[in-house]
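This briefing describes the strand pairing of one protein model and the packing of its nonpolar core. Please read it alongside the sequence and structure shown here.

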Amino acid sequence: GLELVGDLAGHTERVWCVGWSPSGKILASCGGDKTVRIWEERGGRWVCEAILEDAHDRTIRALCWSPGGERLGTTSFDGAC
């Protein structure tokens, strides 16, 4: 079955999408608070390493890492990509 391995606290509104980096070591999340958060595991817990703000004016609905993991694309209801 499924097992909870961590809790990513930080977004102030609904999270719409999460995505693992190609290395499998970094997780990105996005949501209704119009932010993208970058997470890394440290000492058995997940820590928010960066908050990307001001990229969109409305809810960020999806994200996707580039194949090499050096870029992160996002889409939003504001029409920008």
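This is a predicted model: local features need pLDDT of at least 70, side-chain atom pairs count only at pLDDT 80 or more; totals for chains, interfaces and linings use all residues.

Two strands count as paired if DSSP finds at least two bridges between them. By that criterion strand 3 and strand 4 pair, in the antiparallel sense, over 7 bridges.

- An open sheet is formed by 4 strands in the order 1-2-3-4, with antiparallel pairing.
- Strand 1 (15–20) and strand 4 (45–52) are the edge strands, each pairing on one side only.
- Ignoring direction, neighbouring strands of this sheet are turned by 25° against each other on average.
- Tryptophan 39 has cysteine 48, in strand 4, as its bridge partner.

**Hairpin of strands 5 and 6**

- Strand 5 and strand 6 (residues 72–76) run antiparallel and are joined by 5 bridges.
- These two strands, strand 5 and strand 6, form a hairpin with 6 residues between them.
- In the turn, glycine 69 has a positive phi of about 80°.
- Isoleucine 60 has serine 76, in strand 6, as its bridge partner.

**Nonpolar core**

- In soluble globular proteins, nonpolar side chains tend to be buried together.
- In this model the largest nonpolar core has 8 residues, namely Cys17, Ala28, Cys30, Val36, Ile38, Ile60, Leu63 and Trp65.
- At least two residues of this core are supplied by each of strand 2, strand 3 (36–42) and strand 5 (60–65).
- Strand 5 provides the largest share of this core, with 3 residues.
- Cysteine 17, a member of this core, touches Ala28, Ser29, Cys30, Arg61, Ala62 and Leu63, when residues up to four places away in sequence are not counted.

- Alanine 28 is located in strand 2 (residues 26–31).
- Alanine 28 counts as buried because its relative accessibility is 0%, and the cut-off for buried is under 20%.
- Leaving out residues up to four places away in sequence, alanine 28 touches Cys17, Val18, Gly19, Arg37, Ile38, Leu63, Trp65 and Leu72.
- Among these contacts, Cys17, Ile38, Leu63 and Trp65 are also listed in the largest nonpolar core.
- Alanine 28 and tryptophan 65 are 37 residues apart in sequence, and their C-alpha atoms are 8.7 Å apart in space.

Methods. Residues are numbered from 1 along each chain as its sequence is written. Side-chain values use heavy atoms; hydrogens and water are left out. Buried means under 20% relative accessible area, exposed over 50%, partly exposed in between (1.4 Å probe, protein chains only). Contact means heavy atoms within 4.5 Å. A nonpolar core is a set of buried Ala, Val, Leu, Ile, Met, Phe, Trp, Tyr and Cys residues joined through side-chain atoms within 4.5 Å. Axes are lines fitted to C-alpha atoms, for helices over the stretch in contact, and angles run from 0 to 180 degrees between N-to-C directions.
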